[in-house]
Amino acid sequence: MDMRKTVIPGKGREKRGPAFFRGCSAGIPIIIGYFPIAVTFGMLASETVSAVQAVSLSVLVFAGASQFMAIGLMASHTAAAEIVSVTFLMNFRHFLMSASIADRLTKTKAPALIGFWLTDETFSLASSSSGSLAPGYVIGIELVSYASWVAGTAAGSVIGGIIPPTLQVSMYVALYALFGAILVPVIRKSLPALLTAAGAAGANSLLQTAGIKPGWSLVAAILVSSGIGALVFGKKDGGEEE
Amino acid sequence: MSVWIIILCMAAVTSIPRILPLYLMKNFDPPPLLRRFLRFIPSAALGALIFPGVLKAIPQMPAAAAAGMGAALITAWFGGGLVFSVGASVTVAFILLRFFV
């Protein structure tokens, strides 16, 4: 069934406001997860580039792992072309996530914004709600996540460490905890989702152990296990289905 | 100057794959098999994002990350809510780091 065409004209507008605010409050766990990592990034980055450049990376790139990687490579004077190509590789998985969310979004006037703000976390959280997705809801999640990321970077690069070191380190588990907590209710309800997630986790571990770069291994693991899931499991078992 | 060029190119290669599918699929109704594939992506992505990454989340003490992850999974199983699960995992990791590192 095509969910995008089930929008009732006129009703979308009235729903947009509340959906946006629902998204903002749904995004709270991402705010918590992003902020301390962004502080670390800001601190680290400002040793290599200026504070303005550190914040600009968060504003324009908004991709945690590749920002850390880029700073590391810049510090060791790696060629610009290599930094950019590694970034592309690391973030190519978002192409798949964008396609997945595009299929569930109701008609939107801001696809570029939704796409620009799409991260592993905003995607996973938005996808975990059932049925079709209101653009306002997704944008709400994304806006607060982005704000937290940029504010954390600014705090880290200008003020420095504002979180006690041991707490800072323990907070690195937060985003994994978030992924896990999003996944648990889904796999509780759906065996195909459980098998797909486990398959992807296993494939990713295997490929990385075999020496495949994390960017490729993530994309391959997602492609293969979603593909097998789609082929093996029946119509109503998409895991995230209504 | 070259730092700015790197930043702008990084922005381009990151945002294009993120944005492109949203335009490509605007008026596209995927066939059933493709749609099923797309619907499995969130679960697959979550699995691959967690493993093996979580084992390296806290390099000083991988066990703290594992225990924190366990706390998140258990609290989520009992329906604690995302903020509660994240809080529980950070607390467990914090306590372990505090006493064993």
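**Exercise 1.** In this predicted model, list the buried residues of α4(B), state what covers them, and check the span of the helix against its number of residues.

*Solution.* The buried residues of α4(B) are B:Leu82, B:Ser85, B:Val86, B:Ala88, B:Ser89, B:Val90, B:Val92, B:Ala93, B:Phe94 and B:Leu97. What covers these residues includes α3 (62–77) of chain B, and from chain A the helices α2 (28–45), α10 (165–170) and α11 (174–189).

**Exercise 2.** Describe the contact between chains B and A by its residue counts, its elements and its residue classes.

*Solution.* The contact brings together 65 residues of chain B and 81 residues of chain A. On the side of chain B that touches chain A, the elements giving two or more residues are α1 (2–24), α2 (32–50), α3 and α4 of chain B. By class, that side of chain B holds 48 nonpolar, 10 polar and 7 charged residues.

**Exercise 3.** Classify the packing of α12(A) on α2(B) from its angle, and name the residues that meet there.

*Solution.* Helix α12 of chain A, residues 191–209, packs against α2(B) at an angle of about 40°, and the axes are 7 Å apart. Angles under 35 degrees would count as roughly parallel and those from 65 to 115 as roughly perpendicular; α12(A) and α2(B) are therefore oblique to each other. Their crossing is right-handed. From α12(A), the residues A:Ala193, A:Thr196, A:Ala197, A:Ala198, A:Ala200, A:Ala201 and A:Asn204 meet B:Phe40, B:Ser43, B:Ala44, B:Leu46, B:Gly47, B:Ala48 and B:Ile50 of α2(B). The residues of this contact divide into 10 nonpolar and 4 polar, with no charged residue.

**Exercise 4.** Locate A:Phe62 and A:His77, give the phi of A:Phe62 and of A:His77, and decide whether A:Phe62 is buried or exposed and whether A:His77 is buried or exposed.

*Solution.* A:Phe62 sits in the loop between α3 (51–60) and α4 (64–75) of chain A, and although it is not a glycine, its phi is positive, at about 50°. Because 26 other C-beta atoms lie within 10 Å, A:Phe62 is buried. A:His77 belongs to the loop between α4 and α5 (80–91) of chain A, and its phi, near 55°, is likewise a positive value in a residue other than glycine. With 6 C-beta neighbours inside 10 Å, however, A:His77 counts as exposed.

Definitions and conventions: Residues numbered from 1 in each chain as written. Chains lettered and ligands numbered in written order. Predicted model: local features only at pLDDT ≥ 70, side-chain atom pairs only at ≥ 80, totals over all residues. Helix = DSSP H or I, 4+ residues; strand = E, 2+ residues; numbered from the N terminus. Expected span 1.5 Å × (residues − 1). Buried ≥ 20, exposed ≤ 12 C-beta atoms within 10 Å, placed from the backbone. Contact = placed C-beta atoms within 7 Å. Nonpolar A, V, L, I, M, F, W, Y, C, P; charged D, E, K, R; others polar. Axes fitted to C-alpha atoms, helices over the stretch in contact; angles between N-to-C directions. Parallel < 35°, antiparallel > 145°, perpendicular 65-115°, else oblique. Left-handed = near helix turned anticlockwise from the far one by under 90°.
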